[in-house]
Amino acid sequence: MSPKEVRYGDYIAWENLPHLWCAGCGHGVILKAITMAAAELAIPKEKLVLATGIGCSGRSGDYVTCHRFQGTHGRTLAFATGIKLARPDVTVICLMGDGDGAAIGGNHLLHAARRNIDVTAVIANNLNYGMTGGQFSPATPLGSVTSTSRSGKTEATMDLCALADVAGANFVARTTVYHVREVQRFIERAIKTKGFSMVEVLTPCPTYYGRYNEIGDSVGMLNWFKNRTLPLEKYQALPPEEKKNYFWRGIMVERERPDFLETYRSSVARRSN
């Protein structure tokens, strides 16, 4: 198949649609952005692995025709690491939710970035545990009402992008489902980056987060993302007391640190000489 013949629809398991996500959920938008990025980069589906975890985003593997893997909650990135080390020739994309990536899997995220494994992590951050009833996650904004914080979340919010940056990821970006073209563009750049890359995508959960916090339905949540996000440069210029009212979006990190396999092979070669 020539590169021009690759279409996003080739990666979609159309026979398994319609999907099981709630009306207004953004996970389908993110999955389509992944497939459109793969098509733009002309990745043959036999050379593409979509690894997912548990939670709403974990169902994504049911809707693709490329290789897929579903791991236990929070452990998918560890399995994806093994897949990439065993088959360096394949493109591995790990799609996780904020609970999967920030809570149970937070340690794996940290070490995958530190090792600089050549895997792209896409974190669909719907700001709560949507599948299990809307409990708060580490990524839920401070003060949010959830099933487990009826008077407002009192724990500080974990900044996944800052964490990936400090740990050493080569590419880190954040956007929202409202900025749909940016989602695809960032994922493309993440896949093209050698080493660990991460794209956090803020996505609506009107069933729980939007309802509990009186933001509204899916349209209301998309408008909320539109009005509550700023380009990274504008966000950084805000006074500290105003930053709590906004999310930033944009590319935080682009670096060229050698990835794990490159470092490993160099080490082996030095010892062999």
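The largest pocket of this predicted model is lined by 24 residues, among which Pro 141, Thr 157, Lys 244, Tyr 246 and Phe 247 lie nearest its centre, and about 590 Å³ of space lies within it. A pocket is here an open set of points on a 1 Å grid over the protein atoms alone, with protein on both sides within 12 Å along at least five of seven lines, and lining residues have an atom within 4 Å of a point; grid points are joined across faces, edges and corners, and a volume is the space filled by probe spheres set on the points. The elements that contribute two or more residues to the lining of the largest pocket are strand E6, helix H8 (218–228) and strand E8 (247–254), where helices (H or I, at least four residues) and strands (E, at least two) are DSSP runs numbered from the N terminus. By class, this lining divides into 14 nonpolar, 4 polar and 6 charged residues, with Ala, Val, Leu, Ile, Met, Phe, Trp, Tyr, Cys and Pro counted as nonpolar, Asp, Glu, Lys and Arg as charged, and the others, Gly among them, as polar.

Because the model is predicted, local features require pLDDT of at least 70 and side-chain atom pairs count only at pLDDT 80 or more, whereas totals for chains, interfaces and linings use all residues. Residues are numbered from 1 along each chain as its sequence is written, and side-chain values use heavy atoms, with hydrogens and water left out.

The largest cavity, with a volume of about 60 Å³, is lined by Tyr 11, Leu 31, Ile 34, Thr 35, Leu 48, Val 49, Leu 50, Val 64, Cys 66 and Ile 93. Helix H1 (27–40) and strand E1 (48–52) are the elements that give two or more residues to that lining, which holds 9 nonpolar residues, 1 polar residue and no charged ones. The second largest cavity has a volume of about 30 Å³ and is lined by Lys 84, Leu 85, Asn 116, Ile 117, Asp 118, Asp 259, Phe 260 and Leu 261. Its lining receives two or more residues from each of H2 and helix H11 (260–272), and its classes are 4 nonpolar, 1 polar and 3 charged.

Two of the residues lining the second cavity, Lys 84 and Asp 118, are also joined by a salt bridge, with the closest N and O atoms 3.8 Å apart. This pair links distant parts of the chain, with Asp 118 in the loop between helix H4 (106–115) and strand E4 (120–125) and Lys 84 in helix H2 (residues 76–86), 34 residues apart. A salt bridge is defined as a side-chain nitrogen of Lys or Arg within 4 Å of a carboxyl oxygen of Asp or Glu, and by this rule the model contains 13 salt bridges. Asp 118 and Lys 84 are both buried, where buried means under 20% relative accessible area, exposed over 50%, and partly exposed in between (1.4 Å probe, protein chains only). Asp 118 forms a further salt bridge with Lys 194, the closest N and O atoms being 3.4 Å apart. Lys 194 lies in the loop between helix H6 (180–192) and strand E6 (197–202) and Asp 118 in the loop between H4 and E4, so this pair ties together parts that are 76 residues apart in sequence. Lys 194 is partly exposed at 49% relative accessibility, while Asp 118 counts as buried at 15%. Elsewhere, salt bridges that share partners join Lys 47, Arg 87 and Asp 89 into one network.

Nonpolar cores were identified as sets of buried Ala, Val, Leu, Ile, Met, Phe, Trp, Tyr and Cys residues joined through side-chain atoms within 4.5 Å. The largest such core has 32 residues, of which Ile 30, Ile 34, Leu 50, Val 122 and Ile 187 touch the most other members. Elements giving two or more residues to this core are H1, E1, strand E3 (91–97), E4, strand E5 (171–176), H6 and E6, and the largest share, 7 residues, comes from H1. With contact meaning heavy atoms within 4.5 Å, Val 122 touches Ile 30, Ile 34, Ile 93, Cys 94, Leu 95, Met 96, Ile 187, Val 199 and Val 201, not counting residues up to four places away in sequence. A second, separate core of 30 residues includes Ala 51, Val 90, Leu 232 and Trp 248.

Methods: 1 Å grid on protein atoms, 1.4 Å probe; cavity = no way out; pocket = protein on both sides within 12 Å on 5 of 7 lines; lining within 4 Å.
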